[in-house]
Amino acid sequence: MELHRERGRQVLAAVCVLAGTVLLATGGGPLRTTTALGGVALGGVGLANSLRPFRFVIDADGLTVRRRGLRRQLRWAELALVVLDRPAPGTGGVRLLGVPVEGVGLPPDARVDGRPATELLDLGQVRENPDEIAAALARYAGDRFRDDRDVAVRSGAEFSVGLRGYSSDVVDTLVGHARAALDSDDPARCRAVRDEVAAARAQGLPVALRGYDVRQVDDALDDLHAALTEGGDA
């Protein structure tokens, strides 16, 4: 399965350049000129990025990746895990992360279950539907593939909402990761997510104007931490 770059961003960038050029050509005050220059600059960067070489293929041999910062063919044997991951809301869209086996050099820019990982693909940049991509990965990667897109949705947390509570986005993501790890029966994954929960709590969960009840969340995370510790010792 070969993926194709989404052309919508390229069109938007071209429109920005065109609009900025028209504004410059018709003249005007300093504000108009500044706006025009900003449009040309923004559109120019977008066009430059959209014209960079791109190729992404999923097949029986592995992944062929050609994008900015990474150009290589990855055999399935070189990847311990490939994950479709949806970061916490507001931080980005669905992306494909790869966890290399020991000895395979990939630039680490993410983490999966506490292990260094590499973002292989931003699914927002391709035309193909995420479900189609997931099906191809399941077919060719087999047990190496994991679909975490619905982790936060599957958190199933039922907390009261009130003033000055914990951010629901962050709590849903933490609880979702914890329950997915427990469902996996993977001790290493349980230990990694246990550490993730502990680190988030040590740093302090963000408080929102309206959020989840603090005491309920703290009690739930205590229970999950204990369960993850038990699962990690299995």
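These entries record what I looked up in this structure.

**Entry 1: the whole protein**

I note at the outset that the model is predicted. I began with the secondary structure and found six helices and 11 strands in the protein. I then looked up burial: of the 234 residues, 36% are buried. For the accessible surface I found a total of about 12800 Å², and carbon and sulfur atoms hold 53% of it. Turning to contacts with a separation of 6 or more, I found that 60% of them join residues 24 or more positions apart.

**Entry 2: the open sheet**

I next traced a sheet built from four strands. Its order is S1-S2-S3-S4, the sheet is open, and the pairing is antiparallel. Which strands stand at the edges? They are strand S1 (2-3) and strand S4 (70-75); each has a single partner strand, so one side of each is left without a neighbour in the sheet.

I then examined the pairing of S3 with S4. Strand S3 covers residues 62-67, and six bridges join S3 to S4 in an antiparallel arrangement. Within this pair I located Val65, which stands opposite Arg72 in S4. As background, I recall that strands of a sheet pair through backbone hydrogen bonds.

I asked how many residues of strand S5 (residues 79-85) are buried. Six of its seven residues are, and the strand is thus mostly covered.

I looked up two pairings of S5. With strand S6 (residues 95-100), S5 runs antiparallel, and six bridges join the two. Here I found Leu84 with Leu96 in S6 as its bridge partner. With strand S9 (residues 145-148), S5 runs parallel, and four bridges join them. In this pairing Asp85 stands opposite Asp148 in S9.

**Entry 3: Asp172**

Is Asp172 buried or exposed? Asp172 is buried, yet it has no salt bridge. I looked for the nearest side chain of opposite charge and found Arg179, 8.6 Å away. A salt bridge requires a side-chain nitrogen of Lys or Arg within 4 Å of a carboxyl oxygen of Asp or Glu.

What does the side chain of Asp172 make a polar contact with? I found the side chain of Tyr212, at 3.1 Å. My record for Asp172 is therefore a buried residue without a salt bridge, whose side chain makes a polar contact with that of Tyr212.

How values were computed:
Residues numbered from 1 in each chain as written. Predicted model: local features only at pLDDT ≥ 70, side-chain atom pairs only at ≥ 80, totals over all residues. Heavy atoms only, no water. Buried < 20%, exposed > 50% of the residue type's maximum accessible area, 1.4 Å probe, protein only. Contact = heavy atoms within 4.5 Å. Areas by Shrake-Rupley, 256 points an atom, 1.4 Å probe, with all protein chains shown as cover. Lys, Arg positive; Asp, Glu negative; His and termini not counted. Polar contact = N/O pair within 3.5 Å; in protein donor to acceptor, adjacent residues only side chain to side chain. Pairing = 2+ DSSP bridges.
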